Amino acid sequence: MSLLDQARAVRENAHAPYSNFKVGAAIRSASGRVFVGCNVENVAYPEGTCAEAGAIAAMCAAGEYQIAAVAVIADSPDPVPPCGGCRQKLAEFADGAVVVTLATTDGAQLETTVGDLLPGAFGADHMARS
Ligand code: THU
């Protein structure tokens, strides 16, 4: 199954009763393993988590820390872009050249990169004097 199809499948498990906006994410790590995540909302709204965050957490829990590719899918009019916080979370574990496939459930697809999603990213280099 393709990375995007794995994101499509896990999206079905999203817990999104408040937004009704289900998101699925799949990450291929450097070893080739795939980790998936879906958004998990909470009645205390800020406690909800994004699909990308779930996939990243699963990757780290498995002892892997290098992202090789990402796919994100939702039932949106245009291919769904990761939120700002998730862009920073992806950048923690991915080189700027890593491809992120954004998709809609009805077949639209857009390829971008972690670097293009987060230009001028804050990184460890910015703390060089600390
Ligand atoms: N959401 C994600 O899971 N990933 C994104 O990158 C965009 C937003 C979720 C969070 C919330 O559960 C719902 O979509 C509406 O914002």
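Is Gly84 buried, partly exposed or exposed? With a relative accessible area of 49%, Gly84 comes out as partly exposed; here buried means under 20% relative accessible area, exposed means over 50%, and partly exposed is what falls in between (1.4 Å probe, protein chains only). Before going further, a word on the model: it is a predicted one, so local features need pLDDT of at least 70 and side-chain atom pairs count only at pLDDT 80 or more, while totals for chains, interfaces and linings use all residues. Residues are numbered from 1 along each chain as its sequence is written, and side-chain values use heavy atoms, with hydrogens and water left out.

Gly84 sits in helix α3. Helices (H or I, at least four residues) and strands (E, at least two) are DSSP runs, numbered from the N terminus. Along the chain, Gly84 and Val34 are 50 residues apart, and their C-alpha atoms are 23 Å apart in space.

Helix α3, which spans 84-93, also turns up as a packing partner of helix α2. Helix α2 covers residues 51-61, and its buried residues are Ala51, Glu52, Ala53, Ala55, Ile56 and Met59. Besides α3, these buried residues pack against β1, β2 (34-38) and β3 (67-74), where contact means heavy atoms within 4.5 Å. Just after α2 comes Gly63, with a positive phi of about 85°.

Two of the buried α2 residues, Ala51 and Glu52, are also found around the ligand. From the side chain of Asn39, a polar atom lies 3.0 Å from an oxygen atom of the ligand. Ala51 takes part through its backbone, with a polar atom 2.9 Å from a ligand oxygen. Cys83 likewise uses a backbone N or O atom, which lies 3.0 Å from an oxygen atom of the ligand. Taken alone the ligand exposes 370 Å², and the protein buries 76% of that; accessible areas come from the Shrake-Rupley method with a 1.4 Å probe, and for residues only the protein chains shown count as cover.

The loop between α1 (3-11) and β1 (23-29) holds Tyr18, which is partly exposed at 40% relative accessibility. Together with Val43 and Tyr45, Tyr18 makes a nonpolar surface patch of about 370 Å². Patches are made of residues with over 30% relative accessible area and no salt bridge, with like charges joined within 9 Å and nonpolar side chains (Val, Leu, Ile, Met, Phe, Trp, Tyr) within 5 Å. Asn20 lies in the loop between α1 and β1 as well. Asn20 is exposed at 66% relative accessibility, and its phi is near 55°, a positive value in a residue other than glycine.

On to salt bridges, each a side-chain nitrogen of Lys or Arg within 4 Å of a carboxyl oxygen of Asp or Glu. The structure holds 1 salt bridge. Asp5 pairs with Arg8 in a salt bridge, and the closest N and O atoms are 3.3 Å apart. Both residues belong to helix α1, where Asp5 and Arg8 are 3 residues apart, about one turn of the helix. An α-helix has 3.6 residues a turn, so residues three or four places apart point the same way. Asp5 is partly exposed at 32% relative accessibility, and Arg8 is partly exposed too, at 31%.

Arg8 also shows up among the contacts of Thr104. Leaving aside neighbours within four places in sequence, Thr104 touches Ile73, Ala74, Ser76, Pro77, Asp78 and Pro79 besides Arg8. Thr104 is in strand β4 (residues 99-104) and is buried, with a relative accessible area of 1%.

Pro79 is in contact with Leu110 too. With neighbours within four places again set aside, Leu110 also contacts Val100, Thr101 and Leu102. Leu110 belongs to strand β5 (residues 109-113) and is partly exposed, at 45% relative accessible area.

Finally, Ser130 lies in the segment after α4 (114-117). Ser130 is exposed, with a relative accessible area of 85%, and its C-alpha atom is separated by 34 Å from that of Gly37, 93 residues away along the chain.

Methods
Near = heavy atom within 4 Å. Polar contact = N/O pair within 3.5 Å; in protein donor to acceptor, adjacent residues only side chain to side chain.
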